[in-house]
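Please look over the sequence and the structure below before reading the briefing that follows. The points are grouped by topic, so that each can be checked against the model in turn.

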Amino acid sequence: MNETTDIDALRARLESSRGKEYWRSLEAVSETPEFKEFLHREFPQNASEWLDPVGRRGFLKLMGASLALAGVSACTRQPTEELVPYVRQPEELVPGKPLFYATAMTFNGAGMGLLVESHEGRPTKIEGNPEHPSSRGTTDLFAQAAILGLYDPDRSQTITNLGEIRSFGSFANAIRAVLSAQQARQGAGVRILTETVASPTLAAQIREFLTRFPQAKWVQWEPVGRHNAREGSRLAFGDYLDAQYAVEKADVILSLDADFLCTGASGLKHSRAFASRRRFDGDRAQVNRLYSVESSPTNTGSRADHRLPLRASEIEAFARAIAAQLGVGGVAGGTVPEAANRWIGPLVKDLQANRGRSVVIAGDGQPAIVHALAHAMNDALGNVGATVTYTQTAEAQPMNQRAGLQELVGEMNANRVELLLILGGNPVYSAPVDLRFADALAKVPQRAHLGLYEDETAALCHWHIPETHFLEMWSDVRSDDGTVSVVQPLIAPLYGGKSAHEVISALGASGERSGYDLVREYWSKQTGVTMQAPPAAAAPAPVAPTTPAAIAPANGAQVALTGGAQPTPPAPIAASPVAPVSPFDREWRKWLHDGVVPNTAFAPRAIAVQANFAAQVPAGAGAQGNGIEVVFRPDPSIHDGRFANNAWLQELPKSLTKLTWDNAALISPATAARLNLISGDVVELTQGGRTLRIPVWLVPGHGPDLLTLSLGYGRTRAGRAANGIGFNVNVLRTMAAPDVLTGVDLVKTGDTYDLASTQDHWSLEGRNLVRVATTAQYAADPDFVKKQELQPLTGLTMYGEHKYEGYSWGMAIDQNVCNGCNACVVACQSENNIPVVGKAQVMNGREMHWLRIDRYYTGDLENPDTYHQPMLCQQCEAAPCEVVCPVAATVHNDEGLNDMVYNRCVGTRYCSNNCPYKVRRFNFLLYQDWDTPSLKLQRNPDVTVRSRGVMEKCTYCVQRINHARVAAKLEDREIRDGDVTTACEAACPTQAIVFGNINDKNSRVSKLKASSLNYGLLEELNSRPRTTYLAIVRNPNTELEPASSAGEERTNG
Amino acid sequence: MAEALDHPHDPLAGMSTDGLRTPAVIAPGHDFNSVTDKIAGIVLTKRTPIGWFFGFAIAFAFLLLLNLTIGKLLLEGIGIWGNNVPVGWAFDIINFVWWIGIGHAGTLISAILLLFRQQWRTSINRFAEAMTLFAVACAAMFPLLHTGRPWLAIYWLFPYPNSMTLWPQFRSPLIWDVFAVSTYGTVSLLFWFTGLVPDLATLRDRAESPVARKIFGVFALGWRGSARHWHRYEMAYLLLAGISTPLVLSVHTIVSFDFAVSVLPGWHATIFPPYFVAGAIYSGFAMVMTLAVPLRKFYHLEDFITMRHIHNMTKVMLVTGMIVAYGYVNEAFFAWYSANPYEGYMMLNRMTGPYAVFYWSLILINALMIQLFWFRRVRDNVALLFVLSLFVNVGMWLERFIIIVTSLHRDFLPSSWDIYTPTRWDFAMFTGTIGLFLSLFFLFIRFLPALAMFEMRTIVPEAKLQGDHH
């Protein structure tokens, strides 16, 4: 321990602290890191006993007794919604057959409807809920990875007070004692800090709490929340509103630094809508056009027909210039860079030509004024009511979170806060650095933290309560359009955690109540449907069990997920239904089954843009500073750090940088060249006396003189996967500049840092791997795809053609709609038990993803075209891998699949060498975790867990094919189109991936393969891949991109 | 080739040199006894030279390193090496091909030169054959140990009747390899042992230690040197030579198929079989030179391994080296002439990519440096030849590195391109096999006659006076 404890400083500290301060040692007062470390070691109070033989014996006796007594104390009454062992096997549960339950995930202040696959009571895989209006059966990468978060062995597992294990009862008693003392002062010293709350029940609970303690305050803080969007709507309309974009109706879209396809609560919906206007299977006139003005490259920008990289601070001026030309009142055009100037004319012309059929969307990282300008532009263009509508917010209590947090910290510093309940979130890590949240927190006499991890905030709180994962708890949540979903648990809390509902209720007047009761009660009250069962005699007939067809979406894509599963039962964990059923229960069961509460979507509100809103904000307020500019962005993989300990997400190559396990300062190649930097060079960024050392990473198309810093890294108490990984950029993020920081000094340190990227090469090397044309070129030459230099030689085979009598599986991937969102990659990892290998192995090129998304650039390095190409086993008909395997471990089956027989594989790796697509993955070491018990629960029982020394690869989710085959056989029919969806296909928000039987000429995949855009990759090798790609057709504005330059680009691609 | 090197039936072969003629295959003044005394003396001496212990200790230390590496490999998996995706094969297969190539000289000297009646082969064939065996032992380790699950590969690669009614996959060149290498190893062993039998009998008769007598006696198989024995011996040896001869061509041809059968640019080439065979002989002779020069110096065998041998080996290296260099030119030509962008890029990447320094080193050694062999003064300088032969060994190792690594690390899709970096265990495995090879070789020269005594006796002038022994 630290010997040089400064006694005087300690005394001063003790004197300055008011009230009773509990301290156990001098080190405890000084709060040295060593002490904190010591505090959290196991049994710190008994560690010294081990060295003393007598003491050790006593300690062991105590431990033995407490273990024995633990058995006694475990005999508490189980709540009624817990799982009970089968006395008689439930009708719907067949061992080996998964069941699917609807639930929802709360993220970014809104809910995403999910269907979760459960094998014998353990959730294993997350899919989108086809019934849910925002997800429509698809998910994003965070939802896909959430299943690993549930089983994370590093989650906090015990309630602790100052590091010692306590019961929930003692927590509730302790806090109640504080509250009763506060009662007289109406709770003036009580503060509740939550993340953005989108749960109506929780909001109602907190409001009720606030009625009991009128002087108490509720503060919400989300580090990458929609602060600017919220304030932008207030600026434009005088009220907090959510804009709902009907992207599918827009012919022309202008994105102002918005990644509206891949981030935000509506990302899935937007992706799907955007994709619907990008398919070339029918009427070509319907193609939309996307203009994207952005600072840091985004996936949305990679899909744009025209993309303009600008500094983040210049976008406001650009927005003002466009708004002025569109006739938004009170806005004068500012000065914009030359490249942008060239854009304005054609862009405005295009927008005006599409009045009522265009939309302008501002990004969350842009200041409120840009949002307000976007709303005004939409209004001026007559888009309101057509392509954009306004509703009340999905979050229950919109507030100015930044101001709220600032006020809270001020009160904490003024010692006016006596009890701080932090219900979720990690403000010690994520709060703006200049607030010095940790210092202020230390001044609060009683602080409690509810969270999934014993994180940085938990370490500084007296109490820590493990939070339930959303798959373990009852709750409810509104999605972006207001639709309510009930969050139902898939499994009893693994570590006895508590939800925020339960914590709040335990502090309430009525004592602790289960989340189940709380949610039901709230909705019974809201809907006015009674929970009282009618007398038995008058009982209505129970609700007829719903059939799988009932959850079938319009497109049928999701049906196969159930694989012929039995009807989804009403509630997995609820007690077995007892007749008679109350009217509320009848509704409730339907909500749980469908995953949505019907008719809860918000009605559009009439709005009026406030006159002269633009005058409230001085023009160009942000466009200052000559130094380097920095933008803060949520990390594409781990968001604000909440998913930091999710190894799937850590190892997921970020879509545009392909970095894993780290963040870096993204920089444009030209800026890097000017500053004499290359990828991996460590720079020191200084602004306002704060410094950050971080390596840079070159990203083509990045805005000039700009660095992008992604949040969420540099965690110290996140868990084994995340601790010490990456760089904490929060140290530069201040209250004044939470999104864009200007005037940053950059100094090259001369140090280098190894970053693990999965794709080192950017260029296509002139190879025709991604085939691209413009709409005009495509119209002129619909067969351009086939007119390539290298042509396949058809019919050349030594072994004769195989005739496929039954099924012949194939896949088509529409590159026109893929936006590289990475959901498929995580879905594949989750479905197929793919291990994580760690940074060192990734650096050595040994990542195990069966499905990767290749990203290529063509054209100008400073503003290239970006292409995403999902790359998985092509299931070649003449597979180069098969002929070279000496032990026949990879063979073709009679449905065309290239099967991998793990048991037979001896691991020569010849198949991988001979694979032109390099999609085979080898277990160089024992990558699977065979030991961690919780991770065993996650694995898909239908997929072999591979061991060391074995080659593996994409199987087209053969286990799903076989599930569908069994279901079809039971019904004495063929497998129908859409019965089998591969994991990647099911997750894809844009339906870019289509799988099916190519022997069936009417299947979706056959129709795509019949498209003139269809081509096979490296077909000239005569490998005859079963996975084919649809060429990209861009829809540029000919005024901005003359046809001749487009032609050059085509030969380039 | 044979004519160019020597006259098969030169009646004066073995006579003294007069400066104008090529050096003799044996120095003047030797008779049956002196030859036998000299060669058997190395084995039967009671005083093992201290230098032998010194050399063996170093070699054995590396052998222990090999054992350590294999132990770690079996416990942890081949991830201890630097291999990755896309570079699935690296040091493992480079070393395999390198060692197999080295082995080729032994068979060529033993079988083909025997059939061509090249008398100069007699003083180098024994240790060249031993070298072949040891090289094959080193090589054979890799196809097994480079697999992810060697405990299964060790028998699943062989066709054996089993309850799964599964055969190996006969279309795979790796299966052809199994047959080619195991046949080669077996025939080489038989050939070497058959040739040893008369000498083992000599040692049995001369050994003073009863234990040595016993052991040599067992392996001498009751050889008494009767005319019938000699007749059968000659016939067996000739037959084995006949069997071995096609193996010289077939083994490396099949090894080259491991690459040529694939679709990879840089591997998929029809030039590979002849190019590989020539390369193998080239590297094999370099290794014979590497071993012969210190051997003759240390054991004072200059009388038996004369400048004639040195010259001839150099000439073989020059010829085969030129064929290899032609292979390089041919590869580059077809990369351009095929107009295939993948082939073209492969060649460009070899010449200018991250491994370009290895490519140009290889060109420097295998195409340019060997031009020195044209000069008699170079051929006469034994120390220089020794150094050059080491360079050739390095060059041929680099050739396999270039073929395997540069073809794999950047193939069709630029997205999967990566870099290969060997780990310390890669080097441990490689130097370990050198340790195994040298350990075996040290044991061989200590316990078995490094030169074929009875064959040497046929080239002393005494034998000529009695007529041609054939």
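This is a predicted model, and its chain A contains 34 helices and 38 strands. Of the 1053 residues in chain A, 56% are buried. When contacts in chain A between residues at least 6 apart in sequence are considered, 74% of them join residues at least 24 apart.

**Confidence**

- The mean pLDDT of chain A is 83, and 85% of the residues in this chain reach 70 or more.
- Residues 1-5 of chain A have a pLDDT below 50, and this stretch has 11 contacts in the model beyond near neighbours in sequence.
- Residues 38-50 of chain A also have a pLDDT below 50, and here the model shows 12 contacts beyond near neighbours in sequence.
- Where pLDDT is low, the predicted coordinates should not be read in detail.

**Domains of chain A**

- The domain assignment divides chain A into domain 1 (7-73), domain 2 (160-223 + 398-482 + 494-516), domain 3 (242-391), domain 4 (628-757) and domain 5 (772-1052).
- The C-alpha centres of domain 4 and domain 5 of chain A are 32 Å apart, and the contact between these two domains takes 17 residues from domain 4 and 21 residues from domain 5.
- On the side of domain 4 of chain A that touches domain 5, the elements giving two or more residues are α23 (647-651) and α24 (669-674) of chain A, with the largest share, three residues, coming from α23(A).
- That side of domain 4 of chain A divides into 10 nonpolar, four polar and three charged residues.

**Where chain A meets chain B**

- In the contact between the two chains, 44 residues of chain A touch 41 residues of chain B.
- The elements of chain A that give two or more residues to its side of this contact are α28 (880-884), α29 (910-913) and β33 (921-922).
- By residue type, the side of chain A that touches chain B divides into 21 nonpolar, 13 polar and 10 charged residues.

**The largest nonpolar core**

- In soluble globular proteins, nonpolar side chains tend to be buried together.
- The largest nonpolar core in this model has 433 residues, of which Leu256(A), Leu373(A), Met377(A) and Val288(B) touch the most other members.
- Helix α10 of chain B (residues 272-298) provides the largest share of this core, with 16 residues.
- If its neighbours within four places in sequence are left aside, Val288(B) is in contact with Ala105(B), Ile124(B), Ala128(B), Met131(B) and Met313(B).

Key. Residues numbered from 1 in each chain as written. Chains lettered and ligands numbered in written order. Predicted model: local features only at pLDDT ≥ 70, side-chain atom pairs only at ≥ 80, totals over all residues. Helix = DSSP H or I, 4+ residues; strand = E, 2+ residues; numbered from the N terminus. Buried ≥ 20, exposed ≤ 12 C-beta atoms within 10 Å, placed from the backbone. Contact = placed C-beta atoms within 7 Å. Nonpolar A, V, L, I, M, F, W, Y, C, P; charged D, E, K, R; others polar. Core = buried A, V, L, I, M, F, W, Y, C linked by C-beta atoms within 7 Å. Domains from an automatic or database assignment. pLDDT = per-residue confidence, 0-100.
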